[in-house]
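Hello,

Here is the structure I promised to pass on. Please open it first, then read my notes below.

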Amino acid sequence: MNHEDSVLLHTEGRVRHITLNRPRALNALNHAMVLRMGEALDAAEQDPSVVAVLLTGAGERGLCAGGDIRSIRDDALAGGRTSLDFWRDEYRLNARIARFPKPYVALMDGIVMGGGVGVSAHGSLRIVTERSRIAMPETGIGFVPDVGGTYLLGAAPGEVGLHLALTGDTAGAADALLCGLADHFVASGDLPALLTALDTCATPEAVVATAGRYAGTAPAGELAAHREWIDACYAADTVEEIVERLDGYGVPAAKQAAATILAKSPTALKVTLAAVRRARRLNSLEAALDQEYRVSSTAFTGPDLVEGVRAQIIDKDRNPRWSPAELAGVTDEDVARHFAPLGDGELGLGPAAGTAG
């Protein structure tokens, strides 16, 4: 499949459709797809006949399962740098979507994970359904939430975003709405009618109004009912203390969260905690993406990303051998190294690519 086939473009009425088209790979993003999306947004912005952009995923399973992590692992093993080039353009696309001047409608139906969140949750109209399964599961592969994920999760109410970041747990429609990752719930059975209606819109205002008209009430989620223990436990200073509070809180779901966290990469967990908290103090998505690029560039050279992808995707033994294997083995210096400036290698999206203290 060439890059034109992996991202399909067509216009219906005055709406430019962008379809991620790698259904067998659950529409996982590669570099060519990111570049083609960027070109499509440039063209749509400059075309006065286009009033909105609509992002969908081919197939029945979801919008996008994230980046192509198998190829990222291969690149890391080979000592390459193509993944850093991919992330540079991907993060720039994430910022481009967030600042796109026309309505950017993302259908977050089915599975939306990692890079899939990056091309959807920064949009101006994010639609979820009862089938939506949204997650930033990076700590399970020895990586750290990126594509603006630390910024989005850091802005979620209370500590629910940090809970999702550390556990990698999946958010359904109601939880995505609670966390600010989505704007409207539309039942999956109503999506065809919504798409038809959007294609008849002649103005940006009509697009916004039409999306709202099809919105309904999402089935009950889980996070709202768990806010008490989530906010209490994840307010702790360290990952070790968070796990201790969860384990001792006396609520089965909290104890399960502790066990889930302890299965993740210790290094990724500590860096994720720092990244989300630093992102909360940054004044823009661009600054957060600059920070994430530093973190990703460092994580790319560490042992846990290669090992995590091996355990989850390659061998599928689900038994990663993290290094260090325990939280106590990850020092403050190990964490701080992920946030060190990259000099000439900075992403440079923010006005001043400095670090948050």
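**What I found**

Start with a caution: pLDDT stays under 50 over residues 353-357. For that stretch the model has 12 contacts beyond four places in sequence. pLDDT is the predictor's confidence in each residue, from 0 to 100, and contact means heavy atoms within 4.5 Å. Where pLDDT is low, the predicted coordinates should not be read in detail. The protein chain averages a pLDDT of 96, and 97% of the residues score at least 70.

This is a predicted model, where local features need pLDDT of at least 70 and side-chain atom pairs count only at pLDDT 80 or more, while totals for chains, interfaces and linings use all residues. Residues are numbered from 1 along each chain as its sequence is written, and side-chain values use heavy atoms, with hydrogens and water left out.

**The sheet**

Helices (H or I, at least four residues) and strands (E, at least two) are DSSP runs, numbered from the N terminus. An open sheet has 6 strands, in the order β1-β2-β3-β5-β7-β9, with mixed pairing. Two strands pair if DSSP finds at least two bridges between them. β1 (7-12) and β9 (184-185) stand at the edges with a single partner strand each, so one side of each has no neighbour in the sheet. β1 and β2 (residues 15-20) run antiparallel, joined by 6 bridges. One example: H10 has H17 in β2 as its bridge partner. Helix α2 (residues 31-46) packs on the sheet. α2 touches β1, β2, β3 (52-57) and β5 (104-108), and its direction makes about 180 degrees with that of β2. Such angles run from 0 to 180 degrees between N-to-C directions, with axes fitted to C-alpha atoms, for helices over the stretch in contact.

How many residues of α14 are buried (under 20% relative accessible area; exposed is over 50%, partly exposed in between; 1.4 Å probe, protein chains only)? The count is 14 of its 15 residues.

S284 is in the loop between α14 and α15. S284 is buried, because its relative accessible area is 12%. Its side chain reaches the backbone nitrogen of A287 at 3.0 Å.

R294 is in helix α15 (residues 285-300). R294 counts as buried because its relative accessibility is 1%. The side chain of R294 makes a polar contact with the side chain of E346 (2.9 Å). A polar contact is a pair of N or O atoms within 3.5 Å; within protein, one must be able to donate a hydrogen and the other to accept it, and residues adjacent in sequence count only if both atoms are side-chain atoms.

Best wishes
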